[in-house]
Structure formats: C-alpha cells, structure tokens
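Happy to go through this one with you. Let's take the labels one at a time and see what stands behind each.

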Amino acid sequence: MKKLLVITLLSIGFLSLSKSSYSQSVEFQYNTLINGYWGEWKGTSYKLQGTWQEFVIFKEFDHPSNYIMKITISYLPYDKKEIKKKLKNKEWFVYTGIVEYFVCTGKNCKHALCYGTQFDLQTWPVWTFGATDNNILKKVVPATIKMNKPIEKKGSKTINIFFDNQGIGIAL
C-alpha cells in the first residue's frame, strides 16, 4: 500500500513538472523587430531548450551550455477567467523577464560585423557568440515577453521578446 502511494505521488509530481517544461531541444522559426518593423519569418539551425520560465537558444550540434541567448520569465499565472477572456479576444499574455546575450569586446572579433558592444539583430543569430566563447561581453537586460497562449496552455506558441528597443519573435 505504501509503495502504491509513493508511486502515485511521484507520478503526480512528474506530471505537474512536465506541464511547465519541455524535455528536449526544439526547432523554431524566428522573426526580428528592428527600428519598429518586423521582418519575415525565417528558419534556423538553432534550437531551444529549457522550461517555459527559463530557456536557452543554442546552435544545433552545440552543447546547450554554449547558448547564444538565455530568456528568463518572471512567471505570475493568469487566472482561468482571464485566460478565457484573452484567448477569446486574441490578446497577448504579457510577462516580464530578462534576456542574457553576448557581444564581442572588439579586440579579437572574428567577424567584422561583430565589433562593438551592441546586439546586432540584422545578423542574429548568425554572427553571435556563445556563453563559452572567449573575448565576449555578457549583457543582461530587462525584457517584456508576450505570448499568444499563456504558459499554462499546451500547444504551439508565438513568443515575442522585447529588449533594448528591439525584439525577437519565436514560433514553436
């Protein structure tokens, strides 16, 4: 009887964890917002891994620890009534968070497009540096994250991440 109770409790715990996370790396499409204009959706050889509250973007075939960007969401759940209303009206679910990214310090940049300490969405994600690269500067900035579905709902999502007066759209 005790074994059955323990197994049941563990199963419930694992099910609740899986609701807020995804266990494997997923491919995505992206879009960039530069100077107030959204570009076209593009495919990429980069992947996402993590949970809905914190995930990293990294190059395919690289280790996730060499991520090019990390997004952390300060999660406050919406109540069921508000979720229903927003979904009906096709309103975005808004969260706050931080974005961590890397830029070249300028001295030993391999690519001419990377000089300086500004994040260049014109070339993102191609000319970016990972967390384990040398001669990089880590930047952590506040962000507003908007999703077409709340974190609580399963299924494909569009995630718009706004930071430093620009933005990245991600479609899963």
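Q: What makes the contact between E100 and K138 a salt bridge?
A: This is a predicted model, and in it the N to O distance between the two side chains is 3.9 Å. The cut-off is 4 Å between a Lys or Arg nitrogen and a carboxyl oxygen of Asp or Glu, so the pair of E100 and K138 qualifies.

Q: Which parts of the chain does the pair of E100 and K138 tie together?
A: E100 lies in strand β6 (residues 93–104) and K138 in strand β7 (residues 136–147), so the pair ties together parts that are 38 residues apart in sequence.

Q: Why is E100 called buried?
A: Its relative accessibility is 8%. Buried means under 20%, so E100 counts as buried.

Q: How many salt bridges does a search of the whole structure find?
A: Two. One of them joins E91 and K86, with the closest N and O atoms 3.4 Å apart. That value is within 4 Å, so the label holds for E91 and K86 too.

Q: How do you know whether E91 and K86 are buried or partly exposed?
A: Set each value against the 20% and 50% limits. E91 has a relative accessible area of 32%, so E91 is partly exposed. K86 is at 12%, so K86 counts as buried.

Q: What else does the charged end of K86 do?
A: The charged end of K86 sits over the ring of F93, 6.0 Å from its centre. Another lysine, K157, lies over the face of W52, at 4.5 Å from the ring centre.

Q: How many aromatic pairs are there, and why is the pair of W38 and F162 called edge-to-face?
A: The count is six. For W38 and F162, the ring centres are 6.1 Å apart and the planes stand at 70°.

Q: Why do W38 and F162 count as partly exposed?
A: W38 has a relative accessibility of 38% and F162 one of 24%.

Q: What makes the pair of Y101 and F163 tilted?
A: The planes of Y101 and F163 are at 45°, with the ring centres 5.8 Å apart. Under 30 degrees would be stacked and over 60 edge-to-face, so this pair is tilted. Y101 in strand β6 and F163 in strand β8 are 62 residues apart. Y101 is at 1% relative accessibility, so Y101 counts as buried; F163, at 3%, counts as buried as well.

Q: Which residues form one aromatic cluster?
A: Y75, Y78, F93 and Y95 do.

Q: What makes up the largest nonpolar core?
A: The largest nonpolar core has 30 residues, and I57, M69 and I161 have the most contacts inside it. Elements giving two or more residues to this core include β1 (21–34), β3 (42–51) and β9 (166–171). Strand β6 gives the largest share, five residues.

Q: How many helices and strands does the chain have?
A: Two helices and nine strands, following the pattern α-β-β-β-β-β-α-β-β-β-β along the sequence. Buried residues make up 35% of the 172 residues.

Methods:
Residues numbered from 1 in each chain as written. Predicted model: local features only at pLDDT ≥ 70, side-chain atom pairs only at ≥ 80, totals over all residues. Heavy atoms only, no water. Buried < 20%, exposed > 50% of the residue type's maximum accessible area, 1.4 Å probe, protein only. Helix = DSSP H or I, 4+ residues; strand = E, 2+ residues; numbered from the N terminus. Core = buried A, V, L, I, M, F, W, Y, C linked by side-chain atoms within 4.5 Å. Phe/Tyr/Trp six-rings, centres within 6.5 Å; stacked < 30°, edge-to-face > 60°. Lys NZ or Arg CZ within 6 Å of the ring centre and 35° of its normal.
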